[in-house]
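Could you look over this one with me before we talk?

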Amino acid sequence: MQYTKFTLSRATWPGLMVICLLITGYGFVKEQPVLFFNLAYLFLALSLLALERFIPHEPQWNKGDGQTFANIAHTLLSKGTVQTLVIFSTVIGLAALVTPAAEQGHGIWPREWPLWIQVIMGVTAAEFGLYWAHRIAHEWLPLWRFHAIHHSVTRLWIINTGRFHFIDSLASILFGMSILLLLGAPMEVLIWLSAITAFIGMLTHCNVEMRFGFLSWIFNTPGLHRWHHSRLLSEGNKNYGENLMIWDHIFGTYFNPKRRPPVNIGINEYMPPGFLQQLAHPFRQKG
Ligand SMILES: [Zn+2]
């Protein structure tokens, strides 16, 4: 029984990822990648919500914190709006400008290589921008004020995955996507990057008991991200990777000690409780 439990807890993260990637891949075959990505995302959300009930990592994180409405409002109105606007206007507009140049052989992106290699390259290259956008948001006060909204929660569960101020979302999307656009990556790579980022993002915030082993050396797992939400700066200003940990290894911010990550997470500064006050809060601070 113990052995089965151990195996299950090791299989959950890679198992859910593989199912979501297969559903999205099937969408590419059927030429409806966005629809199938959304189906995969819904499947992941429902699976994790159920697992959070049955096998929570921290049972006390299942108790209400009064932030559920604010979390959903940030996800839909703040992060969601930015993502939709950026994807449907700037990114696709820019992609249309950049990618034809690449198609005629002027770009440096190797479009003739197998798609799976291009996706690995794309996720790794974009990660460089995502890593620095995230690290600057922690280390530079004017941007930290926006990112603090994400870190002000006192529990991790899937509903605060998308709790980001729109300025924070905009900065990371621009940092991550612009690298791929400048290199001339095709739209399929951008869609795969968006899908992988969405799946890994929801998994990193879930309150499900799992084990990761060597996966935490390569990918951003919930085990690593719980350290990133620590109140202690020596633990929290680590593990900036969005999907991969490669740049944390290279720039010396990888942190994965053997002990259990903290239960008492959050920030040590004031954050108003309401959604609209939270949106206005970074603009009101001086100095
Ligand atoms: Zn952060």
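1. Ground rules. This is a predicted model, so please keep in mind that local features need pLDDT of at least 70 and side-chain atom pairs count only at pLDDT 80 or more, while totals for chains, interfaces and linings use all residues. Residues are numbered from 1 along each chain as its sequence is written.

2. Overall make-up. The protein has twelve helices and zero strands. Helices (H or I, at least four residues) and strands (E, at least two) are DSSP runs, numbered from the N terminus. Of the 287 residues, 39% are buried. Buried here stands for 20 or more other C-beta atoms within 10 Å of a residue's own; 12 or fewer is exposed, anything in between is partly exposed, and the C-beta atoms are placed from the backbone.

3. Contacts along the chain. Take the contacts between residues at least 6 apart in sequence: 72% of them join residues at least 24 apart. Two residues are in contact if their C-beta atoms, placed from the backbone, lie within 7 Å.

4. The core. What is in the largest nonpolar core? It has 52 residues, and those with the most contacts inside it are Leu 180, Leu 193, Phe 199 and Met 202. Helix 1 (2-29), helix 2 (33-54), helix 4, helix 5, helix 6 and helix 7 each supply at least two residues of this core. Helix 7 gives the largest share, eleven residues. A nonpolar core is a set of buried Ala, Val, Leu, Ile, Met, Phe, Trp, Tyr and Cys residues joined through C-beta atoms within 7 Å.

5. Helix 2 against helix 7. The axes of these two helices come within 10 Å and cross at roughly 5°, so helix 2 and helix 7 are roughly parallel. Axes are lines fitted to C-alpha atoms, for helices over the stretch in contact, and angles run from 0 to 180 degrees between N-to-C directions. Angles under 35 degrees count as roughly parallel, over 145 as roughly antiparallel, 65 to 115 as roughly perpendicular and the rest as oblique. Pro 33, Phe 37, Tyr 41, Leu 44, Ala 45 and Leu 48 in helix 2 meet Ile 191, Ala 195, Ala 198, Phe 199 and Met 202 in helix 7. By class that gives eleven nonpolar residues, with no polar and no charged ones. Nonpolar covers Ala, Val, Leu, Ile, Met, Phe, Trp, Tyr, Cys and Pro; Asp, Glu, Lys and Arg are charged, and the others, Gly among them, are polar. Setting aside neighbours within four places in sequence, Phe 199 is in contact with Met 17, Cys 20 and Leu 44.

6. Helix 4 against helix 7. Here the axes of helix 4 (residues 115-139) and helix 7 (residues 187-205) come within 9 Å and cross at roughly 60°, which means the pair is oblique. Helix 4 brings Leu 115, Gln 118, Val 119, Gly 122, Val 123 and Ala 126 to the contact, and helix 7 brings Glu 188, Val 189, Trp 192, Leu 193 and Ile 196. The classes come out as eight nonpolar, two polar and one charged.

7. Helix 5 against helix 6. The axes of helix 5 (residues 141-151) and helix 6 (residues 166-183) come within 8 Å and cross at roughly 105°, so helix 5 is roughly perpendicular to helix 6. Leu 143, Phe 146, His 147 and His 150 of helix 5 meet Ile 167, Asp 168 and Ala 171 of helix 6. This contact divides into four nonpolar, two polar and one charged.

8. Trp 247. Is Trp 247 buried or exposed? It is buried, with 21 other C-beta atoms within 10 Å, and it lies in helix 11 (residues 246-251). Leaving out neighbours within four places in sequence, Trp 247 is in contact with Glu 127, Phe 128, Tyr 131 and Gly 241.

9. Two positive phi angles. Glu 31 has a positive phi of about 60° although it is not a glycine; it lies in the loop between helix 1 and helix 2 and counts as exposed, with 8 C-beta neighbours inside 10 Å. Asn 239, also not a glycine, has a positive phi of about 50°. Asn 239 sits in the loop between helix 10 (233-236) and helix 11 and is buried, with 25 other C-beta atoms within 10 Å.
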